[in-house]
Amino acid sequence: MATISTKAIVLSAIKYSDTSLIVKCFTAQEGLKTYMVRGVLKAKKGGIKAAYFQPLNQLQIVANHNTKNHLHSIKEVQILNPYKSIYQDIVKQSVVLFLSEVLSYSIQEEEKNTQLYNYLETAFIWLDTHDKIANFHLLFLFNFTRYLGFYPDVSEATKNGFNLLDGSFTNFTSEKNVISGNDFYQFKKLLGINFDSIENTSFGKNERQLVLQIIIRYFELHLDGFRKPKSLQVLETVFS
């Protein structure tokens with residue numbers, strides 16, 4: 001048993017019995033970890049609160065990591081970078097629920113990944129502090145592929161299509177898993193931009209849904225066990 005202090009981002013929290021939560025976090029020090037937080041749903045003053053474990057909350061935790069078990073325990077919690085708008089804005093809430101699902105299905109590594117942690121931390125602070133966020137989730141997922149190991153190979157980005165399976169651009173646009181035409185044009189808009197310029201990238205409602213479906217397909221082809229998030233329909237409704 002090792003006691004560790006680390007920053008952590010909440011990916012999911014599932015009720016266990018009447019009083020406890022099983023919380024999955026991506027930690028800055030040791031990657032993906034799952035915690036049993038006992039008694040947190042009982043009404044009591046002080047101590048650890050269930051509200052700390054809302055999706056994508058950024059925490060500082062002191063935890064006991066059990067070397068013989070995949071279920072660990074949390075001793076102390078405090079919120080880092082408290083969000084000012086995310087939990088008050090229905091659109092941002094929908095984005096957060098969707099992204100927390102995607103992250104839960106995508107991140108598997110139980111080892112330190114400082115670059116990925118910094119990306120998540122910075123992206124969610126940006127989401128909290130900006131208003132024009134309709135395309136945020138598209139660019140977030142697109143750039144997230146860089147840390148998962150299948151960011152598009154842009155060395156031949158002038159070609160007419162993109163092979164979702166190979167992650168490369170191609171002129172063989174009739175092959176399976178190759179997008180071309182308008183699908184390709186819309187998808188390619190995400191290349192080379194950052195969050196500050198995303199509001200200047202034009203996507204209509206239908207285009208936004210199209211690109212999101214392409215990205216989800218891209219994830220399905222590259223991640224074993226990845227499944228379409230349940231909150232996808234809610235997100236599409238919010239942006240319709």
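A: Start with one residue. K33 has 9% relative accessibility, so K33 counts as buried. Buried means under 20% relative accessible area, exposed over 50%, and partly exposed in between (1.4 Å probe, protein chains only). This is a predicted model: local features need pLDDT of at least 70, side-chain atom pairs count only at pLDDT 80 or more, and totals for chains, interfaces and linings use all residues. Residues are numbered from 1 along each chain as its sequence is written, and side-chain values use heavy atoms, with hydrogens and water left out.

Q: Which residue does K33 meet in a salt bridge?

A: A salt bridge is a side-chain nitrogen of Lys or Arg within 4 Å of a carboxyl oxygen of Asp or Glu. K33 pairs with E30 at 3.6 Å, N to O. E30 is partly exposed, at 27% relative accessible area.

Q: How many salt bridges does the structure hold?

A: Five. Another joins E156 to K159, with the closest N and O atoms 3.3 Å apart. E156 is partly exposed at 39%, and K159 is partly exposed at 24%.

Q: Where do E220 and R217 lie?

A: An α-helix has 3.6 residues a turn, so residues three or four places apart point the same way. Here, E220 and R217 both lie in helix α5, three residues apart, about one turn. Helices (H or I, at least four residues) and strands (E, at least two) are DSSP runs, numbered from the N terminus. The two side chains form a salt bridge, their closest N and O atoms 3.9 Å apart. E220 is partly exposed at 30%, as is R217 at 34%. Elsewhere, salt bridges that share partners join E30, K33 and E110 into one network.

Q: Which residues of α4 are buried?

A: In α4 (residues 181-188), they are F184, Q186 and F187. They cover an arc of only 165 degrees around the axis, which puts them on the same side of α4. That arc is taken from the directions from the helix axis to the C-beta atoms. Their cover includes α3 (136-148), β6 (161-163) and α5 (205-222).

Q: How do I describe two packed helices?

A: Give the angle between their axes and the distance between the axes. α4 and α5 pack at about 85 degrees, with axes 9 Å apart. Axes are lines fitted to C-alpha atoms, for helices over the stretch in contact, and angles run from 0 to 180 degrees between N-to-C directions. That makes α4 roughly perpendicular to α5, a term for angles of 65 to 115 degrees.

Methods
Contact means heavy atoms within 4.5 Å. Angles under 35 degrees count as roughly parallel, over 145 as roughly antiparallel, 65 to 115 as roughly perpendicular and the rest as oblique.
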